[in-house]
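Here is a friendly walk through a protein model, meant to be read with the structure open beside you.

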Amino acid sequence: MAGADSFSPPIESRADLIEAMSRGCKPESEWRIGTEHEKHVFHTNPLRPVAYEGPNGIRALLDGVAEKTGWEPFFDEGNPIGLWDKHAHGGISLEPGGQFELSGAPQPDLHAAAAETAEHMRVAKEVAAPLDIHFLGLGVTPLWSVAEIERMPKSRYGIMAPYMDKVGTLGTSMMFRSATVQTNLDFSSEADMVKKLRVSLALQPVATALFANSPFADGRDTGYLSFRSHIWLNTDDARTGMLPFAFDEGFGFEQYADYALDVPMYFVLRDGHYINVAGESFRDFLEGKLPQLPGEKPTKRDWNYHLGTIFPEVRLKQFLEMRGADMGDEKSVTALSAFWTGLLYDQVSLEAAYELIEPWTREERENLRREVPRLGLMTPHDRSNLYDVAAQAVGIAEAGLVRRDRRNAQGKDESIHLAPLEETIRLAKSPAERWLDKLRGEWNGDLTRIFAEAEM
């Protein structure tokens with residue numbers, strides 16, 4: 001197979017497609033918590049985005065973090081674009097607009113996840129301070145347009161950005177000026193995966209409402225509490241959304257593989273170079289009919305890369321990725337993991353959450369996804385609003401964490417990490433609404449003040 005990835009075996013059968021997800025099944029004793037979070041970067045003197053090159057650029061930030069941590073850089077066409085901790089299986093990568101992302105290593109509990117985030121921020125800020133680089137914990141950059149943000153030198157983004165403009169209206173806003181926090185959790189079996197996927201899909205708008213933290217863009221109030229979530233509604237319908245088929249009878253790994261096969265491709269990686277196949281069919285690739293690689297069939301690595309270019313509200317790989325939350329402050333990063341861990345890693349809580357969402361129709365789930373970016377916790381739902389569901393979900397998660405602690409005889413009280421959500425429930429206001437109050441009050445309309453108050 002000339003030109004193919006020699007480090008990855010070819011796909012031999014349909015079973016290989018399913019195996020890419022099913023091999024994630026593991027016993028509860030091996031379940032871990034993974035957290036990924038993206039931070040916007042900015043200079044203060046003057047206030048502006050950070051470029052890649054230059055003595056005070058993102059490349060210098062990467063070099064400095066590599067020197068302090070010993071993590072190994074990885075490259076794209078000779079440019080360092082991230083770091084890899086080969087011992088802990090975590091790393092740092094750059095999003096298209098320079099968002100600085102930590103892909104955390106799998107952690108045994110929430111305290112370890114919080115400690116990992118704290119250490120990452122300590123090192124990053126220590127390196128960044130002399131460079132006048134600062135980190136902003138918001139879901140969308142509040143001032144700068146897409147055109148004002150420099151593109152990072154990653155070849156795949158040069159393929160994705162033009163394609164985004166063809167299939168949606170805000171895809172490049174997603175790429176260059178949004179930031180999220182994501183929790184990755186395990187499953188024990190196909191049935192366990194299905195139940196967890198359904199619960200997390202249905203409750204993803206609840207997470208969006210609780211963590212809404214992006215009311216501003218282009219220097220103004222957008223009218224949305226989570227403009228980041230609104231952006232995703234206008235990115236690419238073929239690869240985003242609420243996966244309604246996941247609630248069909250008989251759903252499992254095979255049905256997700258069928259869905260993924262029909263999501264248009266972005267690229268194929270060969271010999272360290274990205275080949276533009278945007279819009280092409282992976283089904284054609286399986287048959288050796290990809291126009292850019294005639295006669296060549298995909299490898300397992302090609303399939304894994306393709307799975308990583310699908311962006312539903314919950315993504316299935318060898319674990320489940322919760323993708324609905326805006327980036328926030330350091331405590332909110334762990335709070336997201338606490339919310340989902342409490343709901344999904346305790347069987348009693350998982351059943352309670354399933355009972356909560358089971359009566360919802362597809363139309364109700366889709367309506368929540370559509371309206372929550374604007375209305376947040378006040379989104380109408382079931383003769384009331386989403387606030388009531390959110391309060392129940394946080395309570396179920398807290399009880400799950402308490403039982404998890406007792407079951408594991410940890411004595412660590414992981415439920416303390418829900419404190420940011422308990423504050424949101426107490427105030428009945430998301431972080432976004434609190435920022436709006438400040439803009440209209442003590443800030444006297446000066447949005448630049450958010451850079452000091454939302455700095456991590």
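His-89 counts as exposed, because its relative accessibility is 52% and the cut-off for exposed is over 50%. Please keep in mind that this is a predicted model. From this histidine, the briefing moves to other backbone features, then to the whole chain, its cores and a few helices.

**Backbone features in loops**

- His-89 sits in the loop that links strand S4 (79–85) to strand S5 (90–94).
- The phi angle of His-89 is near 65°, a positive value in a residue other than glycine.
- Asp-413 also has a positive phi, about 50°, although it is not a glycine.
- You will find Asp-413 in the loop between H14 and helix H15 (419–427).
- With a relative accessible area of 35%, Asp-413 is partly exposed.
- Asn-45 and Pro-46 are joined by a cis peptide bond, with omega about 0°.
- Pro-46 belongs to the loop between strand S1 (33–44) and strand S2 (47–49).
- Why point these out? Most residues other than glycine have a negative phi, and most peptide bonds are trans.

**The chain as a whole**

- The protein chain holds 17 helices and 18 strands.
- Its radius of gyration is 21 Å, close to the 23 Å that the globule rule gives for 456 residues, so the chain is as compact as a globular protein of that length.
- Taken along the principal axes, the box filled by the C-alpha atoms is roughly 65 × 55 × 45 Å.
- Of the 456 residues in the chain, 57% are buried.
- Look at contacts between residues at least 6 apart in sequence: 73% of them join residues at least 24 apart.
- The accessible surface comes to about 17900 Å², and carbon and sulfur atoms account for 50% of it.

**Nonpolar cores**

- The largest nonpolar core has 102 residues, and the members touching the most others are Phe-100, Leu-203, Leu-210, Trp-303, Phe-339 and Trp-340.
- Helix H6 (residues 190–210) supplies the largest share of this core, with 11 residues.
- Apart from this core lies another one, of 19 residues, which includes Val-146, Met-160, Leu-170 and Phe-311.
- Which residues does Leu-203 contact, leaving aside its neighbours within four places in sequence? They are Trp-340, Leu-343, Ala-353, Leu-356, Ile-357, Trp-360 and Val-389.

**Helix H14**

- H14 covers residues 386–407, 22 residues in total, and reaches 31 Å from its first C-alpha to its last, close to the 32 Å expected at 1.5 Å a residue.
- At the N-terminal end, Asn-385 caps H14, with a side-chain oxygen 3.1 Å from the backbone nitrogen of Tyr-387.
- The buried residues of H14 include Leu-386, Val-389, Ala-390, Ala-393, Val-394 and Ala-397.
- Also among the buried residues of H14 are Arg-404 and Asp-405.
- A helix has 3.6 residues a turn, so residues three or four places apart point the same way.

**Helix H3**

- Thr-117 is in helix H3 (residues 110–128).
- Its relative accessible area is 1%, so Thr-117 is buried.
- Not counting residues up to four places away in sequence, Thr-117 touches His-37, Glu-330 and Val-333.

- Helix H4 (residues 155–167) has Tyr-157, Ile-159, Met-160, Ala-161, Tyr-163 and Met-164 as its buried residues.
- The cover over these buried residues of H4 includes S5, helix H5 (171–177), strand S12 (267–270), strand S13 (273–276) and strand S14 (311–312).
- Ala-15 lies in helix H1 (residues 14–22) and counts as partly exposed, at 47% relative accessibility.
- Ala-15 and Ala-257 are 242 residues apart in sequence, yet 9.8 Å apart in space, C-alpha to C-alpha.

How values were computed:
Residues numbered from 1 in each chain as written. Predicted model: local features only at pLDDT ≥ 70, side-chain atom pairs only at ≥ 80, totals over all residues. Heavy atoms only, no water. Helix = DSSP H or I, 4+ residues; strand = E, 2+ residues; numbered from the N terminus. Expected span 1.5 Å × (residues − 1). Buried < 20%, exposed > 50% of the residue type's maximum accessible area, 1.4 Å probe, protein only. Polar contact = N/O pair within 3.5 Å; in protein donor to acceptor, adjacent residues only side chain to side chain. Core = buried A, V, L, I, M, F, W, Y, C linked by side-chain atoms within 4.5 Å. Contact = heavy atoms within 4.5 Å. Rg over C-alpha atoms; globule rule 2.2 N^0.38 Å. Areas by Shrake-Rupley, 256 points an atom, 1.4 Å probe, with all protein chains shown as cover.
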